[in-house]
Amino acid sequence: MPKIVNADDRRELVADAVFEVINRRGMAQASLRNVAERAGLALGSVRHYFANQAELMEFAFRVNSERIHLRALDRLEDLEQFALPRDADALVEKCAVVLEELLPLDAESAACAVVRVEFMLAARTDAGLQDAAQDDYRATGAVVGRVVMQLLESALMAGSPEPVDEAERLIAVLDGLALRMVLQPGWSGPEQGRATLRRHLRSLLAP
């Protein structure tokens, strides 16, 4: 009896191979042939699931983005499910736990961050990746925006902040941290990333 292959599982397997090639050798080396070799598949098998290189790259970009943001959304649901703490330090910690999922703090998230940076840079000149890049930005904005709303609802924030402005500032901090941690891991390690994120969140709250 022939073995039944789940198409979705096979496409994810190929996407994982894309990620491994990008992490080891860079975006330029993520050809169909190299990806097929990494996945342990014949080139024809990869072409059965992806019509061309562009289709594969867009799919892989979206898979990587989804994995990053789903982890953050899981944490966010925990934050929104319970009453907000009235203590500033406790509130900072709860919000930081959500936002940490967007930073390269362990081997898995670091690999995802490297791939995300490579895809974002490629999307600057690759029209086929630009929609995926915009969706990635929107997903980040949705997570960060909901964290900012939790901070506002706590009544612990300083002054009368504008939610969109605060979300943009926080995204800039996260993007800067992630990029620095990817490109200069010797200078910016996980502990520094965690501490910087918490200092920024604490700065948003009244003394």
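In this predicted model, N23 touches A111, V114 and V115, when residues up to four places away in sequence are not counted; a contact here means heavy atoms within 4.5 Å. N23 lies in helix α1, which covers residues 7-25, where helices (DSSP runs of H or I, at least four residues) are numbered from the N terminus. The C-alpha atoms of N23 and V115 are 6.7 Å apart in space, although the two residues are 92 apart in sequence. With a relative accessible area of 32%, N23 is partly exposed, a class that lies between buried (under 20% relative accessible area) and exposed (over 50%), as computed with a 1.4 Å probe on protein chains only.

Residues are numbered from 1 along each chain as its sequence is written, and side-chain values use heavy atoms, with hydrogens and water left out. Because the model is predicted, local features need pLDDT of at least 70 and side-chain atom pairs count only at pLDDT 80 or more, whereas totals for chains, interfaces and linings use all residues.

The secondary structure of the chain comes to 9 helices and 0 strands, a strand being a DSSP run of E with at least two residues. The C-alpha trace spans about 65 × 40 × 30 Å along its principal axes. Of the 207 residues in the chain, 43% are buried. Among contacts with a separation of 6 or more, 70% are between residues 24 or more positions apart.

Two packed helices are described by the angle between their axes and the distance between the axes. Axes are lines fitted to C-alpha atoms, for helices over the stretch in contact, and the angles run from 0 to 180 degrees between N-to-C directions. Helix α6 (residues 107-123) and helix α8 (residues 163-183) have axes that come within 10 Å and cross at roughly 105°. The two helices are therefore roughly perpendicular to each other, since angles of 65 to 115 degrees count as such, while those under 35 are roughly parallel, those over 145 roughly antiparallel and the rest oblique. In this contact, A113, V114, R116 and V117 in α6 meet D175, L179 and V182 in α8. These residues divide into 5 nonpolar, no polar and 2 charged, where Ala, Val, Leu, Ile, Met, Phe, Trp, Tyr, Cys and Pro count as nonpolar, Asp, Glu, Lys and Arg as charged, and the others, Gly among them, as polar. V114, on the α6 side of this contact, is also one of the residues that N23 touches.

Helix α7 (residues 127-153) packs against α8 at an angle of about 120°, with the axes 9 Å apart, which makes α7 oblique to α8.

E166 lies in helix α8 and, at 12% relative accessibility, counts as buried. Leaving aside neighbours within four places in sequence, E166 is in contact with V148, M157, P161 and L204.

The structure holds 0 disulfides, a disulfide being a pair of cysteine sulfur atoms within 2.5 Å. C95 is buried, with a relative accessible area of 0%, and C112 is buried as well, with a relative accessible area of 10%.
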